[in-house]
Amino acid sequence: MSGRALSTWSLRRTLLAVLLGLTLALWVGSAAIVYVEARRESQELFDQSLIETGHLLLSLVEKDVREHGLTGPIDLPLRGHPNPHHYLLFKVRDAQQRVLYRNDAASDIALSRSAPDGLSWTTIAGQRWRLYSLWDQQRSLQLLVAEPTSHRDDISRGFFYRIALFGLLLVALATVAIWWSIHRVFRVLQASADEVSARTPDELADVQVRGAPTELHPLLLEINRLFGRVRHSRDNEQRFTADAAHELRTPLAAIKTNLQVLQRARSAAERDEFIAGLSASVERATRLVNQLLALAQLDPQAQAGTALAPGDLAPLLARQEEAWQALAAPYGLSLTVNAAPAPCALHDDSLQMLLRNLVDNALRYTPAPGAVVVSCGVEGGRSFLRVADTGPGIAEDMRERVFERFVRLGGGQLPGSGLGLSIVRRIAERHCAQIVLGTGLQGRGLAVTVIFP
């Protein structure tokens, strides 16, 4: 591991930041849209009010002019307004541009005579005003009415402050709600983590799934499946260790006995006899240890990185035929190999071990004179490997038990470790193959058939 520190990140903080960021972005966007639309609507309302005021003032002036025929300017004071220059301004001119009416706030402020008809913008004393110009039907009277934008700005500003205050309140409430929701979810995660961390190496019970969020169930279920596999592996190892210790006790005891007897041998003949017994005990112990090592090497976890390759069973049998013939000769048995093409996905070394165990079992359990036939080929579209003999066979009720470790038939009278068929089954499982036990040669004995996918 390099000295550089591993970068870490917090799912809790990330979720909180993302959710709060999205909430804030949505609120800002929504508030901006609402503010722009509200400002546009308020501008339209102010403009409409200004237009209606202009029409009303012009109609009143027309009536007054018809009744009194006014010719001089009349100033209309704005009483009750401390700053009339920030109030509505208006002037009425005749066709000769003589001022007929004006309010006192407009007396010293010239409203543009060249203002276009309708609504427009103008600047008075450095401030923007909304201006509305209107003529009567005879175009003898012109009304100019202006309104400062300060009214509109004040209303828009007040509306903006209210939106901002309301939005900040919503963001605060959303922050609390999001934090509480995330905290509640991660509290369940922490509870599961605390439950696992508080366990000892021997506590492999399932993690509690009830009460956890649905999205967390796959992770907890996978953890429980892992615990199940660990429990199964631990139980197998414990049973394997106990069985191995029990099985090794017998050859080791025999070795010790033969050594003790050998020390008290009274003649060369007795010494040779005890040496032969010692050699047999060592051979049995060596075979047992080798089988134990082979079984350990066939552990599924140890083979995870070993892949199967396309191949054929026939060359595998042909390469070993001569060695099998030599093994069968001391037993007084005839051994025949019938190798037909049988393509399949295989691992060469492990299949050689499978064949070695099947042939060795057949030779040891078949009484002389007898026969052993090793064959391969294709049946029903599937490749097979078969070892058949004329031995005692296996009873129907024992055919499943013989695959268990250290299970031996015949009361243990024949030499062996009881691991051969366990190794065979482990190798077959690795090849996804099926093992079938049936009747052997001449209507008796045993035939072990391995059918490959």
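Let's start with helix H5. Its buried residues are covered by several elements, including strand E7 (309-312), strand E8 (333-339), strand E9 (343-346), helix H6 (348-365), strand E10 (370-379) and strand E11 (382-389). Keep in mind that this is a predicted model.

Which residues of H5 are buried? They are Leu313, Ala314, Leu316, Leu317, Gln320, Trp324 and Ala328. As background, an α-helix has 3.6 residues a turn, so residues three or four places apart point the same way.

Now the helix itself. H5 runs over residues 313-328, 16 residues in total. From first C-alpha to last, H5 reaches 21 Å. That is close to the 22 Å expected at 1.5 Å a residue. H5 also has a kink of about 45°, centred on Glu321.

Next, the aromatics. How many aromatic pairs does a search of the whole structure find? Two. Take Tyr35 and Phe160. Their ring centres are 5.7 Å apart and their planes sit at 75°, so this pair is edge-to-face. Tyr35 belongs to helix H1 (residues 11-68), and Phe160 to helix H2 (residues 150-197), so the pair ties together parts 125 residues apart in sequence.

One last contact. The charged end of Arg128 sits over the ring of Trp121, 4.0 Å from the ring centre.

Methods: Residues numbered from 1 in each chain as written. Predicted model: local features only at pLDDT ≥ 70, side-chain atom pairs only at ≥ 80, totals over all residues. Heavy atoms only, no water. Phe/Tyr/Trp six-rings, centres within 6.5 Å; stacked < 30°, edge-to-face > 60°. Helix = DSSP H or I, 4+ residues; strand = E, 2+ residues; numbered from the N terminus. Lys NZ or Arg CZ within 6 Å of the ring centre and 35° of its normal. Expected span 1.5 Å × (residues − 1). Bend = angle between axes of the 7 residues up to and from the residue. Buried < 20%, exposed > 50% of the residue type's maximum accessible area, 1.4 Å probe, protein only. Contact = heavy atoms within 4.5 Å.
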